[in-house]
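Subject: Structure handover

Hello,

Here is the structure I promised to pass on. My notes follow below it.

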Amino acid sequence: MGMKRGTTLAAVAMAVALAATACGPAQDKAAGTAQPAGAASSQGYDAPSDTAAAAAAAPAGPLAVAADGKLGPILTDSAGLTLYRFDKDTAQPPKSACEGDCAKTWPVVPAGDATAAEGTDPALLGEVVRGDGSRQLTVAGWPVYRFSKDTKAGETNGQGVGGTWFAFAPDGKKAAKAAADAPAAPAAPAAPGGAAPGGAAQAGGGAALSVAKDPKLGEHIVDGKGMTVYRFKPDTAWPMVSKCTGDCLAKWPAVPPVDKADARGITERNYLVLDRPDGDRQQTVDCWPVYTFTGDKKPGDVNGQGVGGTWYAVSPDGKLITAP
């Protein structure tokens, strides 16, 4: 009996150990070691200062319409701060999907004293009761937020973040002409160097991942449009945390979730999805968050390689390609 019980306990201990190493520490010694000044907090977002937090929690007051050179007319609060909506939310019925750390980066706009902007329909304004019992302003049913990185009137630093956050147009729609309301772009041609064809966006919002070959980098991961995929050294795999937020994410967009069936030649070990603090979801390869680079203009570009000593292309097994 004693031997059987000991064997059972050993088996349980081994199972726990195996589970704990799914995204275990120090999987890639080259990654997660660089911590440049100003790196994001361990929670994956830059916490606002006390002053910024107080401003973020302020009532909206009379709303206004401001003219933005790139976005056209946008909705602001009484202080001129841009108001945003989140694609993960719903308008019918109104419901917020931004909680916890997300709500620290994207502070909710309280309902109560808000009044419609001049020339807009007052019936567009409403409110939704959040999970904590507080009441949040809605416009055309969409919950309303500010962005913690907008520190003065007229800033639109939250526009397009994660491909899910957009400034409000006065009618409650997205202010961005290139947002999801725009016609879908045609499918991109197959990537050079062996990337698999058929890299159009998948129904889940992701794009197929495959492997391309560069004369200097060798085999590396590309997305469905043939664009090089990168890793950020300050990120961590255990726990899975992205240190790229705000302005960083605008330059290095997170790769959206990609089904294993659409990942050709990529390691399937620890092929997981990260729930980001901004409410978006990001694909990881061997537990490491992956990104593309806005500085790459066409398939085959590797302009992000080595940028800042922290951004590197990714091998098919998820490791950094640090040479040449």
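Cys98 and Cys102 are joined by a disulfide, with their sulfur atoms 2.0 Å apart. Please keep in mind that this is a predicted model. The torsion about the S-S bond of Cys98 and Cys102 is about -110 degrees, so this disulfide is left-handed. Cys98 and Cys102 are both buried.

A search of the whole structure gives two disulfides. Cys244 and Cys248 form a disulfide too, with an S to S distance of 2.0 Å. Its torsion about the S-S bond is about -110 degrees, so the link between Cys244 and Cys248 is left-handed. The burial of these two cysteines is worth a look. Cys244 is buried, at 0% relative accessible area. Cys248 has 22% relative accessibility and counts as partly exposed. The cut-off for buried is under 20%.

Next, the aromatic rings. The count is 12 aromatic pairs. Phe232 and Trp311 are one of them: the ring centres lie 4.3 Å apart and the planes meet at 15 degrees, so the pair is stacked. Planes under 30 degrees apart count as stacked. Phe232 belongs to strand 12 (residues 230–232) and Trp311 to strand 18 (residues 311–314), so the pair ties together parts that are 79 residues apart in sequence.

Tyr291 is buried, with a relative accessible area of 0%.

There is also an aromatic cluster. Its members are Tyr84, Phe86, Trp106, Tyr145, Phe147 and Trp165.

Which residues put a charge over a ring? Arg231 is one of them: its charged end sits over the ring of Trp288, at 3.9 Å from the centre. Arg85 lies over the face of Trp142, with 4.0 Å to the ring centre.

Trp142 leads on to a sheet. Val139 stands opposite Trp142, which is in strand 8. Strand 7 (residues 135–139) pairs with strand 8 in the antiparallel sense, over two bridges. These strands are part of an open sheet of three strands, in the order 6-7-8, with antiparallel pairing. Strand 6 (125–129) and strand 8 (142–143) stand at the edges with a single partner strand each, so one side of each has no neighbour in the sheet.

One lysine to finish. Where is Lys174? Lys174 is in the loop between strand 9 (165–167) and strand 10 (210–214). Is Lys174 buried or exposed? At 10% relative accessibility, Lys174 counts as buried. The side chain of Lys174 makes a polar contact of 3.1 Å with the side chain of Asp87.

Best wishes

Definitions and conventions. Residues are numbered from 1 along each chain as its sequence is written. This is a predicted model: local features need pLDDT of at least 70, side-chain atom pairs count only at pLDDT 80 or more; totals for chains, interfaces and linings use all residues. Side-chain values use heavy atoms; hydrogens and water are left out. Rings of Phe, Tyr and Trp (its six-membered ring) pair if their centres lie within 6.5 Å; planes under 30 degrees apart count as stacked, over 60 as edge-to-face and the rest as tilted. Helices (H or I, at least four residues) and strands (E, at least two) are DSSP runs, numbered from the N terminus. Buried means under 20% relative accessible area, exposed over 50%, partly exposed in between (1.4 Å probe, protein chains only). A charge sits over a ring if NZ of Lys or CZ of Arg is within 6 Å of the ring centre and within 35 degrees of the ring normal. A polar contact is a pair of N or O atoms within 3.5 Å; within protein, one must be able to donate a hydrogen and the other to accept it, and residues adjacent in sequence count only if both atoms are side-chain atoms. A disulfide is a pair of cysteine sulfur atoms within 2.5 Å. Two strands pair if DSSP finds at least two bridges between them.
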